[in-house]
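Subject: Structure handover

Hello,

Here is the structure I promised to send over. My notes on what turned up follow below it.

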Amino acid sequence: IITSCTSSRKIVIPDLTTITYRDLLQQNLDWQKSIKSLSGDARITLDTQQYSGNFSADVALCGNDSLLISVTGPLGIRVGKVFISKNRFIFYNQVMNQFYTGKKEDFAGRNFMQFPVEISDLRGLLLAQDRFEILKKEHFTIRDQMYFLDARNGSNQYKIWFDPGIRLIK
């Protein structure tokens with residue numbers, strides 16, 4: 001006879017009568033705001049009618065105001081490093097051997113490298129944050145034993161699954 005000592009995971013059955021989709025979105029937003037530090041690797045791919053490209057990055061986030069990104073382009077070419085703090089912006093373009101520095105406000109409205117993503121949006125992009133408060137619900141149901149939200153923001157369609165145990169986006 002073989003026995004094992006594993007903890008049993010509590011199975012939570014989703015119940016639409018005890019929680020709303022707004023509660024789930026707010027809990028997810030609160031969790032994202034509570035992130036104090038983050039380090040990892042990211043691969044960002046953007047493909048639209050106007051632009052197509054990708055890059056890889058080593059990311060280090062500390063607190064609500066400091067972000068360091070080391071960017072690698074296609075074929076592993078080191079492109080540059082970006083540091084953004086509460087009041088300062090530093091960018092070293094390794095390809096062109098150029099160095100830019102200034103107040104964060106000096107770079108307001110500028111895109112991150114050649115990508116059509118503003119520098120001010122980088123933190124939200126890398127943490128997968130979104131403005132959930134403006135979503136308009138189309139359906140809120142249970143699918144695959146999880147909460148499922150089908151919502152819209154203008155022409156953008158969102159399909160979001162929430163883990164019923166931790167009530168965060170899965």
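Start with N93, which is buried, with a relative accessible area of 14%. (Buried means under 20% relative accessible area, exposed over 50%, partly exposed in between, with a 1.4 Å probe and protein chains only.) N93 is found in strand β5. Leaving aside residues up to four places away in sequence, N93 touches V79 and Q98; contact means heavy atoms within 4.5 Å.

Before the rest, the ground rules. This is a predicted model, where local features need pLDDT of at least 70 and side-chain atom pairs count only at pLDDT 80 or more, while totals for chains, interfaces and linings use all residues. Residues are numbered from 1 along each chain as its sequence is written, and side-chain values use heavy atoms, with hydrogens and water left out.

Overall build

The protein has two helices and nine strands. Helices (H or I, at least four residues) and strands (E, at least two) are DSSP runs, numbered from the N terminus. In order from the N terminus, the elements run α-β-β-β-β-β-β-α-β-β-β. The radius of gyration is 20 Å, well over the 15 Å that the globule rule gives for 170 residues, so the protein is more spread out than a compact globule. That radius is taken over C-alpha atoms, and the globule rule is 2.2 Å times the number of residues to the power 0.38. Along the principal axes, the C-alpha atoms fill a box of roughly 60 × 50 × 30 Å.

Of the 170 residues, 34% count as buried. Accessible areas come from the Shrake-Rupley method with a 1.4 Å probe; for residues, only the protein chains shown count as cover. Take the contacts between residues at least 6 apart in sequence: 35% of them join residues at least 24 apart.

Strand β3 and its partners

Strand β3 (residues 66-72) is mostly covered, with five of its seven residues buried. Strand β2 (residues 52-62) runs antiparallel to β3, and seven bridges join them. Two strands pair if DSSP finds at least two bridges between them. C62 stands opposite S66 in β3. The β2 and β3 hairpin has three residues between the strands, and G63 there takes a positive phi near 65 degrees.

Strand β4 (residues 78-84) is also antiparallel to β3, through six bridges. S70 has K81 in β4 as its bridge partner. The hairpin of β3 and β4 has five residues between the strands, and L75 in the turn has a positive phi of about 65 degrees.

Nonpolar patch

Together with I77, V95 and M96, L75 makes a nonpolar surface patch of about 480 Å². Patches are made of residues with over 30% relative accessible area and no salt bridge: like charges are joined within 9 Å, nonpolar side chains (Val, Leu, Ile, Met, Phe, Trp, Tyr) within 5 Å. V95 lies in the loop between β5 (88-93) and β6 (98-103). At 52% relative accessibility, V95 counts as exposed.

Salt bridges

A search of the whole structure finds three salt bridges. The criterion is a side-chain nitrogen of Lys or Arg within 4 Å of a carboxyl oxygen of Asp or Glu.

- E138 and R152 meet at 2.9 Å, N to O. The pair links distant parts of the chain, 14 residues apart: E138 is in strand β7 (residues 136-143) and R152 in strand β8 (residues 146-153). E138 is partly exposed at 37%, and R152 is partly exposed at 31%.
- D150 and K159 have their closest N and O atoms 3.6 Å apart. D150 is buried at 8%, whereas K159 is partly exposed at 48%.
- D163 and K170 meet at 3.8 Å, N to O. D163 is buried at 8%, whereas K170 is exposed at 64%.

D130 lies in the loop between α2 (122-126) and β7. D130 is partly exposed, with a relative accessible area of 30%. The C-alpha atoms of D130 and L29 are separated by 8.6 Å, and the two residues are 101 apart along the chain.

Best regards
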